[in-house]
Structures are given as structure tokens and as C-alpha cells.
Amino acid sequence: MQNMKNDKTQNMSSMDSESMDMDKMMNSGHMMMNHGGVMMDMGDLRKKFWVSLILAIPVFIFSPFMGFNIVPQFPGSTWIIMVLSSVLFFYGGKPFITGAKGELKAKQPAMMTLITMGISVAYFYSLYAFVMTDILHSGKNITNFFWELASLIVIMLLGHWIEMKSTMSAGNALQKIASLVPNQVHMVNGSETTDNDISMVKSNDVVEVRAGESIPLDGEIISGESYINESLITGESKAVKKGLGKNVVGGSINGEGTIRVKVTKTSNEGYLSQISKLVSDAQNNKSKTQMLADKVSGWLFYAAVTAGLLAFVYWLVFGNVNLALLRLVTVLVIACPHALGLAVPLVMSRSTSIAATNGLIIRDNQAMENSRKIDYVAMDKTGTLTEGKFTVNGLKVVSDANEKDVLSVIAGIESGSSHPIANSVVAYAKEQKIEATKLENIQAIKGYGMSATKDAHKYLLVNMKYLQENKLSFDRTATKEYLDKGNTVSYLVIDGKVVGFIALGDTVKANSVQFIKDLKARNITPIMLTGDNKEAAKAFANQLGIDEFKAELLPEDKHTVIKNLELQGHHVMMVGDGINDAPSLASATIGVAIGAGTDVAIDSADVVLYNSDPSDITKFLKLSAKTYRKTVENLWWGAGYNILAIPLAAGVLAGIGIILSPAVGAIIMSLSTVIVSLNAMSLH
């Protein structure tokens with residue numbers, strides 16, 4: 001599963017520039033992929049609709065409908081109807097004919113093929129009726145379907161226009177975010193400030209953001225302070241005060257102050273770039289529900305053709321050829337799965353838009369469906385439930401060594417690591433004005449700590465589990481007071497002897513306790529998985545209200561816990577932020593990465609929490625539940641009406657006077673499309 005996710009990520013990465021170019025083209029030209037894999041321009045579709053409507057009006061007026069004439073026919077009126085209907089068929093019907101070619105080429109006949117069959121049967125039979133009646137004067141009263149043809153094409157074009165507008169407006173929130181980014185930035189070069197194109201900005205460049213301007217790129221404030229409005233990105237309407245050292249997000253709005261920002265992510269790396277990739281991924285990534293809808297569309301095609309042919313044969317035997325063709329056309333029209341094709345993509349597009357504006361990046365739509373099954377949420381501790389910002393709360397020497405020397409050696413070992421604990425220790429040593437000892441061969445001991453050498457001496461900075469497994473004696477009472485308070489304790493071992501330890505404390509994130517309560521309220525069991533010692537893990541678990549936890553775990557141990565839970569029939573969400581969480585994120589039913597975590601963790605996840613706030617998982621679960629309800633509703637609106645409509649179109653109730661004309665069939669089908677669109681857009 002890990003390889004599959006990595007392959008998918010690599011494939012997406014290789015397509016990034018191409019996808020972004022396509023996104024730009026689609027946004028600027030109002031382009032979108034039509035059914036059958038054909039690119040359509042909304043302006044062109046709108047034009048086709050209005051021109052077709054103008055052409056159709058004379059057809060409606062002069063053609064007999066259900067045996068009645070709106071106005072008396074006059075010499076040449078049938079020629080006007082035939083010519084206008086021909087233009088309508090080849091001009092207004094072109095999108096459907098082109099789409100049908102794409103479906104047939106892909107061997108996946110669906111809605112465009114059905115529409116094309118319907119209008120083709122109506123047009124060519126009407127052409128035959130015109131030739132027989134008005135040119136050859138055969139004397140036979142052959143009914144034409146020009147009225148039905150015109151109404152069908154106009155209504156179908158209107159339905160496609162509504163679909164395109166709805167799909168584009170579903171992504172409107174994303175467009176609003178993208179529009180916040182300025183094309184020009186104020187670049188700071190020494191004492192000079194110059195305006196340059198945003199594409200010229202590189203990592204570590206400094207940009208100035210003045211009062212009321214949009215922050216162009218993700219970065220860190222190195223000068224000034226201001227209130228930053230991140231509402232379109234985080235969902236929080238209240239502006240947040242940010243000053244020196246605080247991170248800012250491209251697309252957020254600066255308040256009244258002037259700040260200078262050191263860029264950490266360029267235009268193709270930041271949050272807004274991830275949103276663009278999200279749109280591309282969402283378009284290419286089909287969930288099981290979407291695949292089911294596609295299958296139903298295919299089944300509906302064959303069902304409609306079968307029902308239409310049976311109706312044709314029946315009415316040919318017990319009626320006449322005109323009536324038989326009328327029933328055939330009506331079945332093909334009413335069975336068009338236009339709304340079904342729109343049902344799921346429109347809901348998912350709307351849902352991912354809402355997610356993006358609330359700090360949630362959905363990398364796999366399947367995660368939204370799987371969320372209904374989740375009964376366990378497994379969480380890493382450091383950086384996920386806690387801030388990941390450590391303070392040194394204790395340093396003890398348990399040998400003849402000097403305390404300053406012990407801190408110097410510990411800082412020397414930690415200088416070879418980028419872990420938050422290591423960074424905190426190095427920073428603490430600098431504050432104490434103690435220089436880190438220069439050591440050699442600094443290496444990580446997976447799951448235990450760090451090792452180094454110098455002058456034939458071996459240095460270890462390890463956890464209690466290492467001491468126990470290697471039978472290194474140590475009086476645990478010395479660390480009890482620190483462990484009881486939830487501190488992480490690392491032991492310094494020199495040449496096989498414990499000489500001291502350092503205790504560091506982390507702080508629980510503000511929303512973590514409420515998040516645990518929310519999970520329990522949903523009958524979801526939270527379980528904390530950490531590499532920390534049992535005492536510290538227990539203290540944190542008690543503070544958070546977590547009943548189940550497992551401590552002193554190696555990366556493979558976390559993965560094993562996830563797999564064992566799944567083997568027991570549970571569906572597990574894993575939340576983590578580090579490299580050691582990647583295997584667990586990949587193997588879980590849903591992997592959720594903290595946005596501030598490593599790239600490896602994010603690449604292995606299905607969902608990314610940009611704000612690094614675990615309580616956003618509650619938002620994800622709520623949104624997923626609403627999305628699923630809307631999807632099911634739309635599937636019923638998109639296909640359920642066919643259960644009644646196809647038999648009526650075939651004429652099963654003709655004996656009691658209930659019968660559907662092709663025009664009425666087209667109206668019913670289009671109404672289902674409108675309902676599906678409005679229902680999807682009501683998701684909030």
C-alpha cells in the first residue's frame with residue numbers, strides 16, 4: 001500500500017506543471033471537461049444555447065405538437081421547420097455528438113451516447129417523414145418529431161450549461177483564494193525595495209507586505225507585526241496578531257502594520273499551490289461512489305436501449321411505426337443519465353472547496369467515504385497532540401561528571417539531529433553559554449536515541465527502553481518526579497555507564513482535550529501511540545483524557561498496532577507528523593498528516609491538516625458525513641427517477657391514458673439535473 005501511495009504521489013508530481021497549466025486555461029477561458037472527455041468552453045456552450053433557442057422558437061410555433069397547431073401552417077412552413085431543425089441538429093447537437101464519439105471510442109457508452117441516439121432517431125426519422133410527405137407527396141400521414149427534436153436539444157444544452165456553471169461555482173472558493181495572491185511583490189534587497197513579478201521570488205528572499213495588502217507567499221515574519229486575516233484559508237473570521245518569528249500563509253490579508261517576510265515556500269510550493277493540486281487530484285481521483293455512478297450510467301445505457309427496442313417492437317406490432325418510433329425516442333430521452341453523471345462530482349467538488357477553506361487538504365476522495373467506518377483514531381503524541389516545542393525542565397548528574405560537561409556532551413550529540421527535542425537541547429545549551437562538544441560519527445539509533453564517538457569513547461543519548469533492553473543499571477527514582485509530570489527523559493551513557501539525564505517538557509495543544517472529547521462523543525476510541533517512555537505517556541494520556549495508549553514504540557511497532565486493530569475488524573484513522581509515522585499513515589484506513597510535519601508524512605497521508613490542529617479532524621468527520629448524505633441523495637435524484645420514468649416512456653400505462661412525449665421526457669430529465677445541482681450547492 002505504501003508503494004501504491006508513493007507511486008501515485010510521484011505520478012501526480014510529474015504532472016504538476018501540466019495540471020497547473022490546464023487549471024489556468026480552464027479558469028481563464030471557463031473551460032471544463034465535458035462528458036465523453038471533450039473540452040468545452042462555457043462561453044461557447046452559452047452561445048450555442050441562445051442561438052439554438054432562437055432557432056427553435058419558429059419550430060415550436062409552426063410545428064404541430066400533440067396534434068395541435070399553435071398557428072395555421074402556410075405554404076413553405078414545413079421547409080422552414082426542416083431547415084431550422086437541421087441547423088439545430090448539426091449546430092446545437094454537436095456537443096452531444098462529439099461526446100458520444102468519445103464515449104464509444106473509450107467503449108463506455110453513457111449519457112452522451114443516449115442523447116445522440118435520441119436526437120438522431122428524432123431528426124433522421126423526421127427527415128424521412130418530410131421527404132415522404134412534402135417532396136414525394138406519398139399521401140401517407142407520417143408524423144415528424146421536429147418539435148420534440150428542437151425542445152430536446154434546447155433543454156439538453158440548458159442542462160449542460162447549468163451543469164458547467166454549477167461545477168465551476170462549486171470551485172468558487174478556491175478561485176477566491178487564488179485571486180488573493182498579487183502578481184507583483186515588494187522584494188527587499190538590502191536597503192532597497194523593488195517591485196518584481198511573484199515568479200521571481202525564491203526561498204529565503206525577503207518581501208515587504210504593506211498595510212491592507214495580500215501576503216504573496218508562505219513565510220516567516222522577520223520584521224514588524226500586524227493583524228493577519230486568514231479567513232479564506234483557515235475558516236477563522238477573526239484576524240490574528242502575528243509578529244517576529246511567526247509563520248504567515250500566502251493569500252492571507254495583512255492588517256494595518258507593515259511586515260517583512262522571509263519566504264519559506266515559493267509560488268509552486270505553498271498552500272495555494274497545494275490547493276491547485278487538490279483540484280487536479282480531485283478531478284482525476286474517483287471514489288467508489290463515483291465509480292458506481294459511472295457503472296450505473298453504463299448499465300442505464302444498455303437498459304434504455306433494451307427497453308426502447310422492446311417498446312419499439314411492441315408498438316410496431318400493436319400500433320404503427322410512428323407510434324413505435326415515438327416510444328423509442330421517448331425512452332432514450334428519459335433514460336439519459338445526465339443528472340447521474342453530475343451527481344457525485346459536483347458534491348465532491350463542493351466538498352473539497354469547503355475543506356480547503358477550513359484548512360483541510362483532501363488528497364484522496366475515498367477518505368471521505370471511509371470516514372463513516374472509523375471507530376479508532378490512533379495518534380502520535382509529539383507535534384500532533386502537543387506543540388512539539390520542548391523546554392528543559394531538569395538536568396541531573398548521577399556520576400562524578402560535571403553538570404556543564406554533561407550538558408555539553410548532550411548538546412554535541414543532539415546537534416546531529418533535527419528532532420524538536422534535539423533543537424530544544426541545543427538552544428538551551430546556547431542560552432547557558434555552554435559550547436557543544438564536537439563529536440564524531442553521530443548517528444540515530446532507530447527507536448532509541450542517538451550515538452556518537454570521540455577519542456575511543458562511545459556516547460549514547462537514549463531512552464529508558466534502551467537501558468532496560470541492554471541491562472544498564474539506573475535508579476529510576478531519580479527521574480520519577482519528571483516522568484510523573486509528563487516530561488520526556490533522555491539518558492546520557494558514556495562507555496556503558498549512565499552518567500546523567502535531561503528532562504524536557506512539551507505542552508498540550510489548546511484544542512487537543514476537546515478533540516478527544518469530540519471523538520468519544522462520536523463513539524470513536526482514541527489511542528495514543530508514542531515512542532516516549534510509559535510514565536510520560538501515561539501522564540499525557542491522563543491529561544488529555546485518553547484511556548488507551550501504547551508507549552516506547554518503534555516505527556514498525558506503530559504500524560503493527562494499526563494492522564492488528566484492522567485485523568480485529570476495526571477501521572483506523574492514523575494521525576501523525578513525522579517520518580516514523582509514514583508507514584502507519586499509509587497502512588491505516590485513513591492517514592491524516594499534520595501540515596507542519598515532514599514531507600514524507602504528508603506524502604503518505606490521505607488528508608492533510610494545514611493548520612496542524614487535531615480538532616480539524618472533527619471538521620473533516622462532520623463534512624464527510626454531510627458529503628455522504630448529499631451524495632446518496634443525488635444518486636437517487638440522478639438515477640432513481642428512471643425506475644418510474646422508463647416504463648412510462650415505454651408506454652406501459654398507455655392503456656389508461658398515461659403516456660410521456662419526448663419533450664416531456666426531456667423536461668423531466670432536465671429537472672432532475674437542476675435538483676441535483678441545487679442539492680449539491682446546498683452543502684455547507
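This report walks through the cores, strands and salt bridges of the structure above.

The structure is a predicted model, in which local features need pLDDT of at least 70 and side-chain atom pairs count only at pLDDT 80 or more, while totals for chains, interfaces and linings use all residues. Residues are numbered from 1 along each chain as its sequence is written, and side-chain values use heavy atoms, with hydrogens and water left out.

**The nonpolar cores**

Let's start inside. A nonpolar core is a set of buried Ala, Val, Leu, Ile, Met, Phe, Trp, Tyr and Cys residues joined through side-chain atoms within 4.5 Å. Buried means under 20% relative accessible area, exposed means over 50%, and partly exposed lies in between (1.4 Å probe, protein chains only). The largest core contains 56 residues, and V59, L88, F96, I119, F146, L149 and I646 have the most contacts inside it. Several helices supply at least two residues each, including α3 (42-62), α7 (146-170) and α25 (642-650). Helices (H or I, at least four residues) and strands (E, at least two) are DSSP runs, numbered from the N terminus.

Which helix gives the largest share of this core? Helix α6 does, with eleven residues. As for I646, its contacts (heavy atoms within 4.5 Å) include L300, A307 and V331, leaving aside neighbours within four places in sequence. A second, separate core has 39 residues, among them V344, M368, L544 and L609.

**A buried threonine**

T627 sits in helix α24 (residues 616-640). With a relative accessibility of 2%, T627 counts as buried. Its side chain makes a polar contact of 2.8 Å with the side chain of S351. A polar contact is a pair of N or O atoms within 3.5 Å; within protein, one must be able to donate a hydrogen and the other to accept it, and residues adjacent in sequence count only if both atoms are side-chain atoms. Setting aside neighbours within four places in sequence, T627 also touches V347, M348, M368 and L683.

**A covered strand**

Now for strand β22 (residues 572-576), where five of five residues are buried. In a regular strand the side chains alternate between the two faces of the sheet. In β22, V572, M574 and G576 are on one side and M573 and V575 on the other, and both faces are covered. Two strands pair if DSSP finds at least two bridges between them. Strand β13 (residues 376-379) runs parallel to β22, joined by four bridges, and Y376 has V572 as its bridge partner. Strand β23 (residues 590-594) also pairs with β22 in the parallel sense over four bridges, with A593 as the partner of G576.

**Salt bridges**

The structure holds twelve salt bridges. Each is a side-chain nitrogen of Lys or Arg within 4 Å of a carboxyl oxygen of Asp or Glu. Here are some of them:

| Pair | N to O distance |
|---|---|
| K48 and D44 | 3.7 Å |
| D205 and K202 | 4.0 Å |
| K558 and D380 | 3.0 Å |

K48 and D44 are four residues apart in helix α3, so about one helical turn separates them. K48 is buried at 8% relative accessibility, whereas D44 is partly exposed at 32%. D205 is buried at 17%, and K202 is exposed at 52%.

Are K558 and D380 buried or exposed? Both are buried.
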